[in-house]
Amino acid sequence: MKNITKFPLILALASLGCCLSACGTVESAAKDDCTSIGWQVGTPGYDRCFKDRVNERNMDYSNPPGDQPRPSLL
């Protein structure tokens, strides 16, 4: 009977892990962008590309200037 009570906790932790790993990060997406167009990691061109892509993605996911965060309905 103890295994049945542990099952929901294990299931919740597993699904949380899947969600977090699927999201990725801005840095990993920027790395993928730069390596997909042929830049080698560690070269000056890659470093410039990486910094530019991280800045672009951060701007894409940020609130517009003057926009106030709103409380979530959840």
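Visitor: Why is Asp52 called partly exposed?

Guide: The model here is predicted, and the label comes from a computed value. Asp52 has a relative accessible area of 41%. Buried means under 20%, and exposed means over 50%. The value for Asp52 falls in between, so Asp52 is partly exposed.

Visitor: Where is Asp52 found?

Guide: Asp52 sits in helix 3. In sequence, 22 residues separate Asp52 from Ala30. In space, their C-alpha atoms are 8.5 Å apart.

Visitor: What is the secondary structure of the protein chain?

Guide: The chain has three helices and zero strands. Along the sequence, the pattern reads α-α-α.

Visitor: What makes Arg57 and Asp33 a salt bridge?

Guide: Look at the side chains. A nitrogen and an oxygen of this pair are 2.8 Å apart. The cut-off is 4 Å, from a Lys or Arg nitrogen to an Asp or Glu carboxyl oxygen. The distance lies within it, so Arg57 and Asp33 form a salt bridge.

Visitor: Which parts of the chain does that pair link?

Guide: The pair links distant parts. Arg57 belongs to helix 3, residues 44-60. Asp33 belongs to helix 2, residues 26-36. They are 24 residues apart.

Visitor: Are Arg57 and Asp33 buried, exposed or partly exposed, and why?

Guide: Arg57 has 22% relative accessibility. Asp33 has 21%. Buried would need a value under 20%, and exposed a value over 50%. Arg57 therefore counts as partly exposed, and so does Asp33.

Visitor: Which residues does Asp33 touch, leaving out those up to four places away in sequence?

Guide: Asp33 touches Arg53 and Arg57. Asp33 and Arg53 are 20 residues apart in sequence. Their C-alpha atoms are 7.7 Å apart in space.

Visitor: How many salt bridges does the structure hold?

Guide: It holds two. One of them joins Glu56 to Arg53.

Visitor: Why do Glu56 and Arg53 count as a salt bridge?

Guide: Their closest N and O atoms are 3.3 Å apart. That is within the 4 Å cut-off, so the name applies. Both residues lie in helix 3. They are three residues apart, about one turn of the helix. Glu56 is partly exposed at 40% relative accessibility, and Arg53 is partly exposed at 26%.

Visitor: What makes Cys34 and Cys49 a disulfide?

Guide: Their sulfur atoms are 2.1 Å apart. A disulfide needs two cysteine sulfur atoms within 2.5 Å. The distance passes, so the pair is a disulfide. The structure holds one disulfide. This pair links distant parts of the chain: Cys34 in helix 2 and Cys49 in helix 3, 15 residues apart. The angle about the S-S bond is -95°, and the link is left-handed.

Visitor: Why are Cys34 and Cys49 called buried?

Guide: Cys34 has a relative accessible area of 0%. Cys49 has 9%. Buried means under 20%. Both values are under that cut-off, so both cysteines are buried.

Visitor: Which residues of helix 2 are buried?

Guide: They are Ala29, Ala30 and Cys34. Around the axis they cover an arc of only 130°, so they lie on the same side of helix 2. Helix 3 is included in what covers them.

Visitor: What follows helix 2?

Guide: Gly38 follows. Its phi is positive, near 110°.

Visitor: Why are the rings of Tyr46 and Phe50 called a stacked pair?

Guide: There are two tests. Their centres are 6.0 Å apart, and a pair needs centres within 6.5 Å. Their planes are at 20°, and stacked means under 30 degrees. Both tests are passed, so the pair is stacked. The count comes to one aromatic pair.

Visitor: Where do Tyr46 and Phe50 lie?

Guide: Both lie in helix 3, four residues apart, about one turn of the helix.

Visitor: What share of the protein chain do buried residues make up?

Guide: They make up 9% of the 74 residues. The chain exposes about 6500 Å². Carbon and sulfur atoms supply 63% of that area.

Note on methods: Residues numbered from 1 in each chain as written. Predicted model: local features only at pLDDT ≥ 70, side-chain atom pairs only at ≥ 80, totals over all residues. Heavy atoms only, no water. Helix = DSSP H or I, 4+ residues; strand = E, 2+ residues; numbered from the N terminus. Buried < 20%, exposed > 50% of the residue type's maximum accessible area, 1.4 Å probe, protein only. Areas by Shrake-Rupley, 256 points an atom, 1.4 Å probe, with all protein chains shown as cover. Salt bridge = Lys/Arg side-chain N within 4 Å of Asp/Glu carboxyl O. Arc of directions from axis to C-beta. Contact = heavy atoms within 4.5 Å. Phe/Tyr/Trp six-rings, centres within 6.5 Å; stacked < 30°, edge-to-face > 60°.
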